[in-house]
Structure formats: C-alpha cells, structure tokens
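Subject: Structure for you to look at

Hi,

Here is the structure I promised to pass on. Please open it and keep it in view while you read my notes below.

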Amino acid sequence: MRCKILNVVLCMACIALFSARVSAQGVGIFEGQTDVGTVKHQGSGVYDAKLQQYILTGSGQNIWATHDDFHFVWKKMKGDFILRTNAAFIGKGAEAHRKVGLMVRTTLDSNSKHINAVVHGDGLTSLQYRKTVSGITEEKKASITAADVIQLERKGNTYTMSVARKGDLFVSEEVTDLDLGDDVYVGIFICSHNADVTEKAVFNNTRIVTPAPATLIPYKQYLGSAIELLDLESQNATVVYQSPKSLQAPNWTLDGKSLIYNSEGSLYKFDLKSHMPTALNTGIAKNNNNDHVLSFDGKMLAISSGDGGPSIGYTVSSAGGEATRVTQTGHGASYMHGWSPDKKYIVFCGERNKEFDVYRIPAAGGPEERLTNTPGLDDGPEYSPDGKYIYFNSVRSGLMQVWRMKADGSEQTQLTNDDYNNWFPHISPDGKWIVYITFLKSEVSPGDHPFYKHVYLRLMPVGGGPSKVVAYLYGGQGTINTPSWAPDSKHLAFVSNSDLLFPVFPIAK
C-alpha cells in the first residue's frame, strides 16, 4: 500500500511539474515563464507593452544550496549574450532575503546548474552560481548593496555581473570556467524566500543583447539597431524602432514629432506616431554619415557626405531638397556638428594636414576659421543655445574629455576629468544640461569611438560638475553622435545595438 501511495504522489508531482512547464507562455521579449521547483503559490509574469515593463509575482523557499524554488520568465539562448534590467521590489516584503535578478540555467529543473545576478530584499547584491547538478550554490558579493541596475554577460564560460545604483557607474564580479552548456535558459526571476508568501517586483529597461562576434569586420559588417527614447526623470527607455541594418544618430525635430537618422548613406525622417521612416531627399549628397545636425529653428540640416572622397559639409532643408556644398575642395574630411543659434555659422570637425580640429565656417559658405590647434583629436563641436559657447571633446589631456570654449575659440576649458573616454557633448534646449557618451578606457583608445562597446550616457550641469549615468547600453558609434535632445529637455533619443531583434518592438519592414 505504501508503494502505491508513493507512486501516486510521485505521479501527481510529475503531472504538476509537466503542467507548469507546458503552460509556459511568451511574455514580452521572453518565450515562456515557469515556476521552478516546489512553490505553494503559482507565480506570474505580466508584460506592459506600452511601458515595455514586466511585473513578476512569485513565491518559493529559496535559490540556494542544492535546489531552487522561484518564478522564472525565460528565453532559450545559445552563444554569447548580455542581459540587463532595472529591478525593484514592490512593497515592503516579508523576508530580508527575497530575491530578484537575472539568471542563466542549464535546465528548468530545481537542481540545475545556474548562475544569477541577484539583489536581496536587504540590499545584498551578489553573483550566485551552482557548478554541478545538485551541487552547493556558491556566491561572490558585490562591493555595493541595493543595486537598481543589473547586468549579466556571458563570454564562453566566463560570466560577468555588473551592477550599479541608478546613476552610478558599474562595479563587477566575475566567474570563469562555469560550463552551463551552450543552450541555456536566460531571463528574469523573483523568489519570496518564504514558501508561504508571494512577492512582487517591477523590471524596466530589460534587454537581451547578442554582441558583435570577434570575427565582425568594423565598418563593413554591422549588427542590428534599436532606436530608443529615454525619459530622464525615470531613466526608463522604450524601443520605438528596430532594424537589422545599422541605424545611427537620431536628431529630434523641433516639433517633437519626428526623428532624423542616417542608415546606409541615406537620411530618414521617422514619424514617432506611426513608427514609420521616410527617406529624405538630399540631392547630390548621397553617401551621408552620422554627422548631421538641425539648425536651432529646425528648418535646415547641416549634413556630411563622403561622395567619392573625404566627407564634405552641406546644408539642406530639413524637409529635404537639393543640398548646397559648404566646405571647400582641396581639404580633408569635414564632419558637420553644430549651428550657431543665429544660423550664420556651422562648426565642424575638420581633418587638415592629418590633424583633426574644430573649425567654424559661414553657413552660406566661405573661408573656414580654425578654433582649436592642439595636437590630437578635437571633435564634436556644438553651440550652446545662447550662442556664447562651443562645447566639444578633446584628447589633449591624455583621455578623451569634454571641453568648452567661447564662440571665438578663446578660453578653452576642460569640464570632465575622469578615467574614461567622454565624447559628443550635447546641450539641452533649455541650456541647463549636457549629455555625453562614455567609453571604457579598457575597451577603446582615447581617439576612437567604435561600434559595439559597453557605453554609458551621462548627464552633468552645463557649467560642469558631478555627472550621473542615465543609460547603460551596448552601442558606441552612432549612438548619440549629434544632438538627440527632445524639445522639452526631458527626453533623449539614442541608438543601441544587438544582433537580436524582438517582435514585441516595432521592426523595419
């Protein structure tokens, strides 16, 4: 009799486990969701398509020791990838060690090998992993607690957790030689740490990125692109458009209704309501790059086009039309970056005699005037809305940093001074803030701003001062090469990159 009862219990357990797995359903960018292990209260994951936000509810005794009990929203993946999210508990909670985070598992079995980047209810932030089936879970604690931003990256059998409190730079922990197999489950999770209660958490900025392979040839091969809109108050970004092609450098139009970006030599106007792009006519300029900028009144574009030779500066109506050449023949490359508020001048990065400096030229054409003359690269010049200053980036101090000078080129002053490479300062329309892109010193040389790197978008007061991170992403070249501010000074447009497109976001047809 005991054997029969035991068999019935085992069969019921199997049926319950099987039912949980087959009931898994797609949630946002993920393929399914499952209660892993033994849970008293069924969990759930809900995706809000408008906010591109996930709400997870779940119970489960723990994720620790030899087995795990929790709710998991997942996608099957192979190869290298980067997972990223902003996670926060909803409500006070019952247990100090309730958990949320990112996870990679070999199987959906409770005793599976796994690794997870986890934030506990009491703030403990750690990298937890099980090397063998039914093995004891190990842990590496982060140097910070109460992280809001969580990233977990796989390169082969190396897993790196990068975490930050919102606004701060990442700190990292790493586990090497962890073999979970190539085909794994990746996703977001919640665990109540108390079998009798249910917890809830919200996940924003949730991304799965497949990065560039080592074999990718820069500027000849490209990953897909996503155009994202960032709310600076909440620091939540939403994807408004995806393409398998390289999309670059979105400018926000003055009426707030459209973005202008470049792709494969053409400029496009992207309608934010219909989510549809339309090619802009630029006449003789047919090989446009990502150095294009709207005038302050929104009526004109300064564009850069390499038509059979070095990049040339042009102007054209923002509605499209025949382009008018601005820079002269016989010079090196010219990359247009900023208009003066009165539309009389355009500032650009010019390569002259193998030196890159900031130049000013009349918008109607004429003699160019050199404004910087130090050895090394000076790039990304842009006027302040009052016309008094030109902001730019320069490598003259060793690393690439943000600088400012008066409109006549005098009083050149360094504004950032840290251990990173900082590029392309853009001034908010209200004149209060600078946003710029930061590359890691370990990944790029000071004079380079390549595609497909870990980068930050950072914000600081227009006169200089402490900076805070407002976006953590995989991008670089083309992310914010030219001004990307919305007219309200509260939103930004930028481009992120991945070889993976998601059907829940708008995709190029």
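Glu31 is partly exposed, with a relative accessible area of 38%. Its side chain meets that of Lys75 in a salt bridge, 3.6 Å from N to O. Keep in mind that this is a predicted model. The two partners sit in distant parts of the chain, 44 residues apart. Lys75 belongs to strand 6 (residues 70-77). Glu31 lies in the loop between helix 1 (2-22) and strand 1 (32-36). Is Lys75 buried or exposed? Lys75 has a relative accessible area of 14%. Buried means under 20%, so Lys75 counts as buried.

How many salt bridges does a search of the whole structure find? The count is 18. Here are two more of them.

Glu411 pairs with Lys406. Their closest N and O atoms are 3.3 Å apart. Glu411 is exposed, at 53% relative accessibility. Lys406 is partly exposed, at 33%.

Asp418 pairs with Arg458, and here the closest N and O atoms are 2.6 Å apart. Asp418 is partly exposed, with a relative accessible area of 25%. Arg458 is buried, at 6%. There is also a network: Asp68, Arg105 and Arg130 are joined by salt bridges that share partners.

Now to the sheet. Which strands form it, and in what order? There are four, in the order 35-36-37-38. The sheet is open, and its pairing is antiparallel. Strand 35 (421-427) and strand 38 (468-475) are the edge strands, as each pairs on one side only. On average, neighbouring strands are turned by 25° against each other, ignoring direction. In general, strands of a sheet pair through backbone hydrogen bonds, either parallel or antiparallel.

Look at one pair in this sheet. Strand 36 (residues 433-439) runs antiparallel to strand 37 (residues 453-461), and seven bridges link them. Which residue of strand 37 does Thr438 stand opposite? The residue is Tyr456.

Best wishes

Notes:
Residues are numbered from 1 along each chain as its sequence is written. This is a predicted model: local features need pLDDT of at least 70, side-chain atom pairs count only at pLDDT 80 or more; totals for chains, interfaces and linings use all residues. Side-chain values use heavy atoms; hydrogens and water are left out. Two strands pair if DSSP finds at least two bridges between them. Helices (H or I, at least four residues) and strands (E, at least two) are DSSP runs, numbered from the N terminus. Axes are lines fitted to C-alpha atoms, for helices over the stretch in contact, and angles run from 0 to 180 degrees between N-to-C directions. A salt bridge is a side-chain nitrogen of Lys or Arg within 4 Å of a carboxyl oxygen of Asp or Glu. Buried means under 20% relative accessible area, exposed over 50%, partly exposed in between (1.4 Å probe, protein chains only).
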